[in-house]
Amino acid sequence: MELTKLRRQFPALMQQVNGQSPIFLDGPGGSQVPQSVLSAMSAYLGYYNSNLGGAFFSSEKTVDLLSNARQAVADLLNAPSQEQIVFGANMTSLTFSFSRAISREWQASDEIIVTNADHFSNVSSWRQAAEDKGATVHALQVNDADCTLDLAQYKQLLNSNTKLVAVTYASNTTGSINNIKHIVELAHQVGALVYVDAVHYAPHELIDVQALNCDFLACSAYKFFGPHVGIVYGKREHLEGFTPYKVEPAKDIIPGRWETGTQSFEGLAGVVAAIDYLASLSALPETTPRRQRLSEAFANTKQHEMALSEYFLTRLAEFPDITLFGISDLTRLAERTPTFALTFEGIAPRDVSEFLGKQHMCVWDGNFYAQGLCEQLGVMDKGGVVRIGCMHYNTIDELEILFSAFTALFNRP
Ligand SMILES: Cc1ncc(COP(=O)(O)O)c(C=O)c1O
C-alpha cells in the first residue's frame, strides 16, 4: 500500500499540534493506531458490551469475538491452534503469572538464563521465581560491538541443569534481532524451555512460532498498532502440563485456565482489527488466507523499514558527536529493527528529547527497563540513551527533519 494512503488511516498522524504535523518516533514505547482499530473498539463497547456465557445476542457476540481474536493472533504467530493463544492485561502480568506456574517444580540445583538484551519483564519475573526456589540465575551478556547476544557465552552457560532460557527476539533499545531458532535448538539439546519476548519484534516482522519451535512467546498488541492487550503463545503440552494459579470455579481447560478474570473484550476487538489492518498492507485479494496476506504485508513493511534504517545510519555518520549502540553496518540491515539507541556528546538524553519534544518530535529517553543492557553499556546512571524508533508509517522526510533538528541542537547558542 502506498505510504500516503496508509498514513491517512492513522488519526494521530493526520493531526496538527500548534499548527505543525507531529513526528512519532516513539513506536517502541507504543505505536499509533489506525481508525479501523478505534472503530472496532467503540462498536464493541457501543453495541455489544457484555460477558461470556449468556443466552442473549451481545453475550453470543462476545463469545464469537473471543474466538475470532484467538484465531487472528494464531494467524499472526502461525500457532497450530487458537487454543494456544492466551490473553491478559499486558506482557508483564502474563509473564509473571507464567513464571509462577512454570517454576513450581524448580529446585535449588536448577539454573535459569536471562539476558542483558531483555526488558526486565522477562528478567525480574524469572529471577524472582528462581529466588523463591533457590535456583541460580545467569545473565547472558551482549557483544559490545553490535549489542547482539554473546552466543559463545550462551553455549558455556547451557548445561543439563538449565531449566529455562528467557530471551528477547529483538532489543527494544538497540533494535538488534537475535537468532531465536538457533537459541531454541541449543536450549532444547539440554532439555531447557525457551520463553521468548517478542514485544519489540512483533510490529516489524512476521513471527512463526512453529518454525522457531519456542515453548512460549509473548507480545503486546499496543506495540503492533492495537490496544493494550497482552498475548502469550504456548505449546499445547505446556499449557496443559503446567498448573496455573487460578480461581477455583473457573474452567480448567486451555487457554482459559491461564486467563484470570474478565478480558478486555473491547481490546480484543481492537486486536482483531489491528491484525486485519496489517493483513490489508498486502496487495493480495481479501479472499487470500490471512496468514498469507500477513506474510506479504510484512515483506513490504520490512523493505520500507530497511530503507529508513539505511537513511538513518547514513545520515548519522555525519554526526561524530553522536554515538550509536547496536548494528551500524549497512550490509546487516535485515538483522535490526529501525530502532536506534543514541548518546550525544555533552548533552543529556533528557535534554535531547525535550529539545525534540518542543518541536513535536516524539522520542523517548531513558533505559526502557532494559536495565542489564544500559548497565553493560555504561549509560544507566547517565540518563540512559535517546531512542529513535521508526515504524512502517514513518517517512524519510520525517527523518530528514529529525537530522536538521540534530544539527540545530549542536548549534544552540
Ligand atoms: C521488549 C519489551 N518487552 C516487554 C515489555 C512490557 O510489555 P507490557 O507493557 O505489555 O507489559 C515492553 C514494554 O515496553 C518491551 O518493550
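**Reading a two-domain interface**

Q: How many salt bridges does the rule find across the interface of domain 1 and domain 2?

A: A salt bridge here is a side-chain nitrogen of Lys or Arg within 4 Å of a carboxyl oxygen of Asp or Glu. Across this interface the rule finds 4 of them.

Q: Before we go on, what am I looking at?

A: It's a predicted model, where local features need pLDDT of at least 70, side-chain atom pairs count only at pLDDT 80 or more, and totals for chains, interfaces and linings use all residues. Residues are numbered from 1 along each chain as its sequence is written, and side-chain values use heavy atoms, leaving out hydrogens and water.

Q: Where do domain 1 and domain 2 run in the chain?

A: Domain bounds come from an automatic or database domain assignment. Domain 1 is made of 3-34 plus 289-410, while domain 2 covers 40-277. Their C-alpha centres lie 25 Å apart. Domain 1 puts 45 residues into the contact and domain 2 puts in 41 (contact means heavy atoms within 4.5 Å).

Q: What area is buried between domain 1 and domain 2?

A: The size of an interface is often given as the accessible area lost when the parts come together. The probe is 1.4 Å, and the loss is summed over both parts. Here that comes to about 3,500 Å², with carbon and sulfur atoms giving 55%. Arg290, Arg291 and Gln376 supply 21% of what domain 1 buries against domain 2, more than any other three residues.

Q: How many residue pairs are in polar contact between domain 1 and domain 2?

A: A polar contact is a pair of N or O atoms within 3.5 Å; within protein, one must be able to donate a hydrogen and the other to accept it, and residues adjacent in sequence count only if both atoms are side-chain atoms. Between these domains there are 24 such residue pairs, both residues at pLDDT 80 or more.

Q: Which elements give two or more residues to domain 1's side?

A: Helices (H or I, at least four residues) and strands (E, at least two) are DSSP runs, numbered from the N terminus. On this side you'll find helix H12 (290-316), strand S10 (339-344), helix H14 (371-376) and strand S13 (385-389). H12 gives the largest share, 8 residues.

Q: And what about the chain as a whole?

A: The protein chain has 15 helices and 13 strands. Its C-alpha trace spans about 65 × 55 × 35 Å along the principal axes.

Methods:
Buried area = accessible area lost by both parts, 1.4 Å probe.
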